[in-house]
Amino acid sequence: MNAAVEIVFILVLLLSFAPWLICAKDRRLEVKMTLVQNASAHGAFCLDGSLPAYHLHRGFGAGARNWLLQFEGGGWCNDIPSCLERAQTRRGSTRYMTKYEIFSGILSNNASLNPDFYNWNRVKIRYCDGASFAGNAKFDNGTSSLYFRGQKIWEAIILDLLPKGLANARKALLSGCSAGGLATFLHCDEFTKYLPNNASVKCLSDAGFFLDERDISLNHTMRSLYKEIVELQGVEQNLDKNCTKSLYIPELCFFPQYALRYITTPFFILNSAYDVFQFHHILVPPSADPRGHWNRCKLNPAACNAHQIDVLQGFRSDMLSALRFFFASSRRGGMFINSCFAHCQSESQDTWFAVDSPRVHNKTIAEAVGDWYFRGRVTKEIDCPYPCNNSCHNLTP
């Protein structure tokens, strides 16, 4: 075989293996959906009446009796029209959901990508109620029906998982992202009651610390939204009783900053001080910026003018103020508050644990959570103000 023919042969051989090499490099863990078949017996339905669901990937080895449950996020619905619309989407019905979900970040089964939780039983709880798994009501006007059964969905899924090994858990972590992160605040202590007394049970909220903050027009846009959700979906009955008794406005206990002080289970708060959802919907909702003066700033933090940066720094200060009691008083709590324009950082591999992941004090999110959960270290990392952290993965819409 002459040199030219040999080169051609090698190239053909490499090309024939190229698809396999690409697949091997990009291979992702896809986990099949499990419908909760007996959910109807508990009155647990998605908005449209379909059965709730979760995705379970079994643990192995030393993690076979450890469990990580992750609430899916996806906003809320606060009135009948928005909930009827939501019921016709994957946010309100398992009929429209993907039947397989990709597990990455904290849900990965790869030890090099998720060193502390890779071999645990990992569960993604699908979100289809529109009230952070907290409502218990029903709407029926004779032509349309909506099931506001988030609380019952949560209970039905737990009851389905208990005989699958959750009842014998040695370690457990209840987590969630965005509206699912809020659900973690609402259900953390309740979760511990289902598990053995000697189990190590902790909770982690990712991008769920939604602030009770006035917008740039000085309106309580988020407070009004939460009030409507609580009233429509029958949430107040499922809020922490100690919290609701202590506040003149009980529905405020839907906000994590008010519920947090009553949570007794060890808790970790992962949040950006410039969370993009809160920036776009709490601080500067469209109603507060009808002429779009903030549009360029929303699309790119580097395009913000001096006044806008000052407003954003004020929002960061308010978040840290809301967390001051937890930071000072919680001996078993953890925090990772970075200065990235991001929303949900635990489920994405590049922000959870990678070579270029965001760091605070030279620590990745996965390392901070691992130190807090397993290694008994006090982990309360607070980043310096934007734009000091060049490890950030700033996200744009």
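The model is a predicted one, and eight disulfides are present in the structure. Three of them are taken up below, namely Cys177 with Cys344, Cys340 with Cys392, and Cys384 with Cys388.

**Cys177 and Cys344**
- The sulfur atoms of Cys177 and Cys344 lie 1.7 Å apart, and the torsion about their S-S bond is about 90 degrees, so this disulfide is right-handed.
- The pair links distant parts of the chain, 167 residues apart, with Cys177 placed in strand 8 (residues 171–177) and Cys344 in the loop between strand 11 (334–338) and helix 12 (349–352).
- Cys177 has a relative accessible area of 7% and is therefore buried, while Cys344, with a relative accessible area of 18%, is also buried, since the cut-off for that class is under 20%.

**Cys340 and Cys392**
- In the disulfide that joins Cys340 to Cys392 the S to S distance is 2.1 Å, and a torsion of about -80 degrees about the S-S bond makes the disulfide left-handed.
- Cys340 lies in the loop between strand 11 and helix 12, whereas Cys392 lies in the segment after strand 14 (380–382), so the pair ties together parts that are 52 residues apart in sequence.
- Both Cys340 and Cys392 are buried.

**Cys384 and Cys388**
- Cys384 is joined to Cys388 with an S to S distance of 1.8 Å, and because the torsion about the S-S bond is about 100 degrees, the disulfide is right-handed.
- Cys384 counts as partly exposed at 35% relative accessibility, and Cys388 likewise counts as partly exposed, at 37%.

Methods. Residues numbered from 1 in each chain as written. Predicted model: local features only at pLDDT ≥ 70, side-chain atom pairs only at ≥ 80, totals over all residues. Heavy atoms only, no water. Disulfide = S-S within 2.5 Å. Helix = DSSP H or I, 4+ residues; strand = E, 2+ residues; numbered from the N terminus. Buried < 20%, exposed > 50% of the residue type's maximum accessible area, 1.4 Å probe, protein only.
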